[in-house]
Amino acid sequence: MANFDLLHTDKNSSARAGLLETAHGAIETPVFMPVGTAGTVKGVHQTELKNEINAQIILGNTYHLFLRPGLDVINPAGGLHKFINWNKPILTDSGGYQVYSLSDNRNIKEEGVTFKSHIDGSLHTFSPERAIDIQREIGADIIMAFDECTPWPCSFDYAKKSMDMTHRWLLRCKTHFESQPPIYNHEQTLAGIVQGSTYTDLRKESAEFVSAQEFDINAIGGLSVGEPAEELYKMTSLVCSFLDKEKPRYLMGVGTPQNILECISMGIDMFDCVMPTRNARNGMLFTWEGIINIRNAKWKNDYNPIDGKGTSSVDKLYSKAYLRHLIHSKEMLGAQICSIHNLAFYIDLARQARMHIIAGDFSRWKDEVSPKLSNRL
RNA sequence: GGAAGUGUUGAGCAAUUGGUUGGCUCGCCCGACUGUAAAUCGGGUCUCUUCGGAGCAUGUAGGUUCAAGUCCUACCACUUCCA
């Protein structure tokens with residue numbers, strides 16, 4: 001059981017501040033969770049995640065960790081926490097996103113999904129039960145139900161069929177999860193996932209279905225897959241209205257800084273996204289003043305700090321001109337600095353949102369800050 | 001001073017026997033990236049443009065030819081070797 005305390009609810013929006021307890025510590029929400037697919041947040045040390053970025057929880061990916069290094073390495077190590085030397089909470093995605101992203105290399109059936117490994121071409125079948133078993137063996141604090149993340153656009157018929165199957169898979173996940181004790185010496189929490197593409201009827205049905213299963217955490221999947229932001233907001237808002245207010249809500253894969261503030265105001269508590277790390281490696285910096293493409297020629301001779309308002313040490317240690325040089329030269333330090341900066345910014349964004357929810361001026365603060373976030377500097 | 005060789009876009013290279021180069025890689029400029037098959041991918045990079053095209057281009061100046069980056073002559077620059 002992952003206890004969730006709802007500490008404050010905003011008067012002018014649905015934003016909330018809470019505290020989610022897990023076996024590896026409590027998480028203050030709203031929270032942004034860095035993505036560490038293969039047992040590492042790409043380019044960032046665990047010490048940096050803790051001391052520099054102040055990450056409260058990171059993600060891992062069932063599909064990727066299963067293929068490499070494999071359970072025969074993770075299990076003897078004592079689970080993922082010990083293997084990667086991270087003693088704070090971990091959440092693993094079930095592989096449901098790979099059903100979407102590896103669409104050319106997989107085959108979906110009622111029983112489960114057969115993947116063709118992107119590493120060596122070998123075939124592997126993920127059923128709901130298997131996804132739970134693997135996540136038990138990885139040992140994350142929060143584990144996700146096995147679902148199908150549908151693409152966008154998606155026909156109503158397909159979205160409906162997929163959602164119904166995801167619901168049946170959800171029940172199988174729940175049954176199997178409850179029948180299998182943890183392997184390591186700590187509790188794990190299973191989260192259910194709402195699907196339904198961008199169809200309001202389906203989203204409502206799915207939200208009600210998932211909510212009725214009374215998971216400790218409810219997640220919203222199948223969004224931020226290419227649909228317009230208005231659709232993302234419409235679906236998020238709708239789904240939140242049907243989810244238990246006492247349970248944390250996790251919006252999977254979102255998003256831009258603006259997306260995150262908007263969705264916090266709709267009642268989302270947890271976010272994850274590859275954007276701060278992937279875009280960092282490609283030279284994009286997120287700041288309170290807007291977005292910087294550090295590769296651009298305009299920064300060539302800008303010797304000012306990377307981000308005067310940044311919370312991480314790299315923001316003041318290094319200049320834009322130096323960082324541009326590193327990125328242009330494909331020096332790995334450039335990607336590291338950008339990743340640290342962006343993650344620290346995303347986490348500061350969620351932390352400040354939390355502070356303002358508690359202070360009672362969240363909406364005013366959001367309206368003031370949000371428009372600047374998408375500026376192109 | 002003599003001999004040999006080489007000159008194609010910012011750089012490095014391509015381009016049948018003379019037969020449609022504005023080709024490739026890098027660099028440079030710009031863009032994309034949302035539960036990570038991504039330190040990746042895409043576009044642009046002679047000039048002008050009403051964006052449909054038009055024009056000028058292979059060191060310089062000539063020549064041969066239906067046709068020249070390619071052959072010939074002179075000059076210029078560079079490289080190597082010999083004095």
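Me: How many residues sit between β1 and β2 in their hairpin?
Reply: There are six residues between β1 and β2. Keep in mind that this is a predicted model.

Me: Okay! And do those two strands run parallel or antiparallel?
Reply: They run antiparallel, with five bridges joining β1 (residues 4-9) to β2.

Me: Who stands opposite Gly 25 of β3?
Reply: Thr 22 does.

Me: Why is β2 largely enclosed by the rest of the structure?
Reply: Strand β2 covers residues 16-22, and five of its seven residues are buried, so the rest of the structure largely encloses it.

Me: Switching topic: how many residues surround RNA strand B?
Reply: RNA strand B is surrounded by 48 residues. The closest are His 118, Cys 149, Ser 224, Gly 253 and Gly 255.

Me: Which elements give two or more residues to that surface?
Reply: Two strands are on the list, β5 (58-61) and β14 (270-273). The helices listed are α5 (96-101), α11 (275-281) and α14 (332-359).

Me: Last one! How many residues of that surface are nonpolar, polar and charged?
Reply: The surface near RNA strand B has 21 polar, 17 nonpolar and ten charged residues.

Terms used: Residues numbered from 1 in each chain as written. Chains lettered and ligands numbered in written order. Predicted model: local features only at pLDDT ≥ 70, side-chain atom pairs only at ≥ 80, totals over all residues. Near = placed C-beta within 6 Å. Helix = DSSP H or I, 4+ residues; strand = E, 2+ residues; numbered from the N terminus. Nonpolar A, V, L, I, M, F, W, Y, C, P; charged D, E, K, R; others polar. Buried ≥ 20, exposed ≤ 12 C-beta atoms within 10 Å, placed from the backbone. Pairing = 2+ DSSP bridges.
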